[in-house]
Amino acid sequence: MLYHGDMTEDHDAGVSNGSAEDAPACSRITRLLDEAAGGRNGAVDELLPLVYQELHQLARGQMRQERAGHTLQPTALVNEAYLRLLGPESGKVA
């Protein structure tokens with residue numbers, strides 16, 4: 001399992017490195033999770049883009065460790081994970 005602090009990629013490249021600089025983003029996500037659980041309207045709408053961005057950063061770091069020539073892209077990996085997080089009902093059009 002990959003934890004936020006496991007990333008070692010260069011922070012300047014836009015990839016999370018698990019440093020104290022990342023703490024504000026993590027604390028904001030935690031705060032929004034608490035607010036969403038408490039029923040605050042709009043918390044989920046604020047939370048999902050942050051989670052998507054964090055997942056994308058983690059995926060980029062992991063994909064850099066893959067063999068040369070692999071075809072899986074970070075965005076495809078994140079989109080799949082994101083859809084699984086949202087659940088099967090999220091993709092239905094009313």
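**Reading the model: surface, salt bridges, helices and core**

Reply: Let us begin with arginine 31, which counts as partly exposed because its relative accessibility is 38%. Buried means under 20% relative accessible area, exposed over 50%, and partly exposed in between, with a 1.4 Å probe and protein chains only. Please note that this is a predicted model, in which local features need pLDDT of at least 70 and side-chain atom pairs count only at pLDDT 80 or more, while totals for chains, interfaces and linings use all residues. Residues are numbered from 1 along each chain as its sequence is written, and side-chain values use heavy atoms, with hydrogens and water left out.

Me: Which elements make up the chain, from the N terminus on?

Reply: Helices (H or I, at least four residues) and strands (E, at least two) are DSSP runs, numbered from the N terminus. Here the chain has 3 helices and 0 strands, and the order of its elements is α-α-α.

Me: Which residue forms a salt bridge with arginine 40 at 2.6 Å?

Reply: That partner is glutamate 35, the distance being taken from N to O. Glutamate 35 is classed as partly exposed because its relative accessibility is 22%. Arginine 40 is also paired with glutamate 46, at 3.0 Å from N to O. Through shared partners, salt bridges join Arg31, Glu35, Arg40 and Glu46 into one network.

Me: Why do arginine 40 and glutamate 46 count as partly exposed?

Reply: Arginine 40 does so because its relative accessible area is 34%. Glutamate 46 does so because its relative accessibility is 32%.

Me: Which residues form the largest nonpolar core?

Reply: A nonpolar core is a set of buried Ala, Val, Leu, Ile, Met, Phe, Trp, Tyr and Cys residues joined through side-chain atoms within 4.5 Å. The largest has 6 residues, namely Ile29, Leu32, Ala43, Leu47, Leu50 and Val51. H1 and helix H2 (43–63) each supply at least two residues of this core, and H2 gives the most, with 4 residues.

Me: What is alanine 43 in contact with?

Reply: Contact means heavy atoms within 4.5 Å. Apart from its neighbours within four places in sequence, alanine 43 is in contact with Leu32, Glu35 and Ala36.

Me: Is proline 74 buried or exposed?

Reply: Proline 74 is buried, because its relative accessible area is 15%. This residue is found in helix H3 (residues 74–86). Its contacts, leaving aside neighbours within four places in sequence, are His56, Ala59, Arg60 and Met63.

Me: What can be said of the chain as a whole?

Reply: Of its 94 residues, 22% count as buried. The chain exposes about 6,600 Å², and carbon and sulfur atoms supply 55% of that area. Accessible areas come from the Shrake-Rupley method with a 1.4 Å probe; for residues, only the protein chains shown count as cover.

Definitions and conventions. Salt bridge = Lys/Arg side-chain N within 4 Å of Asp/Glu carboxyl O.
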